[in-house]
Amino acid sequence: MSALLNGVSALWNQIVYAVSNMRVFDAIDIIIIALIIYKAIEFLRESRAGQLVKGIVLLIILYILAKSCELAVLGWVLSSIVDSAIIAIAIIFQPEIRRILERMGQTSITSSRLFDSKEQYISDSIDSITKAAGQMQDAKIGALIVFERKTQLGEIINTGTVIDAETSVSMVNNIFFPKSPLHDGALIVRNGRLYAAGCILPLTSNQNISSRLGTRHRAAIGMSENSDAVVLVVSEETGNISVVCDGQIKRGFNSVSAGVELRKYLFDDISAKDENKFLSFIKRINPFSSSKKVKEAESKNEK
């Protein structure tokens with residue numbers, strides 16, 4: 001234990017010395033490294049590699065503790081793993097490394113989208129999707145559209161097909177047209193773009209959901225319980241349009257309101273960036289909150 005305390009003390013002294021002797025270029029160097037780490041974490045959150053990183057971090061922590069507490073056997077086993085860590089990381093993260101390099105090669109500084117207003121871009125996307133929802137309601141074509149917000153939906157996107165296309169009424173209608181390859185699944189909208197289609201959503205485990213709600217509505221509720229996404233549902237049986245957020249379902253939109261009321265409702269929910277994360281987390285893990293909200297919403301719609 002004394003060795004651990006001595007190590008912490010030495011580390012603190014090094015930090016104090018480094019800060020007191022920091023130059024402007026040192027600060028720039030730190031900022032660049034911080035941005036690289038931030039982008040790496042952001043990328044890992046969107047992929048399954050995030051779980052592997054957690055395992056690697058745990059092994060590193062155990063290795064440090066084993067060395068500090070002089071655990072000979074555990075230290076020897078972990079040191080053997082660490083010795084081959086670089087090769088193992090290169091093999092395990094080969095798909096992710098390839099994707100990072102591909103993204104770097106596809107990045108265009110002169111891309112016109114960089115100069116677009118993000119809010120306007122999302123607004124135009126919502127406008128096209130609501131028009132498509134109104135048309136699908138009239139034709140009684142089922143649809144399930146997920147608007148990604150703060151929570152990255154990388155795991156859900158991996159279950160479908162990435163299309164990364166500009167949002168348009170015809171594109172949305174083509175995706176959900178009956179018997180089309182991607183119609184049987186959810187459409188993920190990311191930053192105003194139709195990012196992935198044919199995705200599989202988790203069904204709600206709430207047993208108190210009304211039996212009148214079909215699979216699409218149960219998937220929409222399940223998605224909203226596991227993330228902060230906003231989900232739009234068009235019922236294939238009735239043509240009713242519903243919006244689900246934080247386990248709360250709002251129904252009763254029609255082809256007329258789809259151009260006005262639905263658009264405003266979606267934009268208000270999707271652009272609500274300042275929501276308290278702690279309260280949102282509590283609402284999602286509370287097994288009674290979503291049930292209560294769904295029942296209240298259903299009773300209001302029936303009235």
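Colleague: What makes Lys131 and Asp127 separated by about one helical turn?

Modeller: Lys131 and Asp127 are four residues apart in helix H7, and so about one helical turn separates them. Do keep in mind that this is a predicted model.

Colleague: Why is the meeting of the Lys131 and Asp127 side chains called a salt bridge?

Modeller: The N to O distance for Lys131 and Asp127 is 3.5 Å. The rule asks for a side-chain nitrogen of Lys or Arg within 4 Å of a carboxyl oxygen of Asp or Glu, so the pair counts.

Colleague: And why does Lys131 count as partly exposed?

Modeller: Its relative accessibility is 44%. Buried means under 20% and exposed over 50%, so a value in between is partly exposed. Asp127, at 24%, is partly exposed too.

Colleague: Which salt bridge joins two buried residues?

Modeller: Glu148 and Arg190 meet in one, at 2.7 Å from N to O, and both are buried. Glu148 lies in the loop between S1 and helix H8 and Arg190 in strand S3, so the pair ties together parts that are 42 residues apart in sequence.

Colleague: How do you know that the buried residues of H11 line one face of the helix?

Modeller: The buried residues there are Leu262, Leu266, Phe267, Asp269 and Ile270. Seen down the axis of H11, they fall within an arc of 165°, so they line one face.

Terms used
Residues are numbered from 1 along each chain as its sequence is written. This is a predicted model: local features need pLDDT of at least 70, side-chain atom pairs count only at pLDDT 80 or more; totals for chains, interfaces and linings use all residues. Side-chain values use heavy atoms; hydrogens and water are left out. Buried means under 20% relative accessible area, exposed over 50%, partly exposed in between (1.4 Å probe, protein chains only). Helices (H or I, at least four residues) and strands (E, at least two) are DSSP runs, numbered from the N terminus. The arc is that of the directions from the helix axis to the C-beta atoms.
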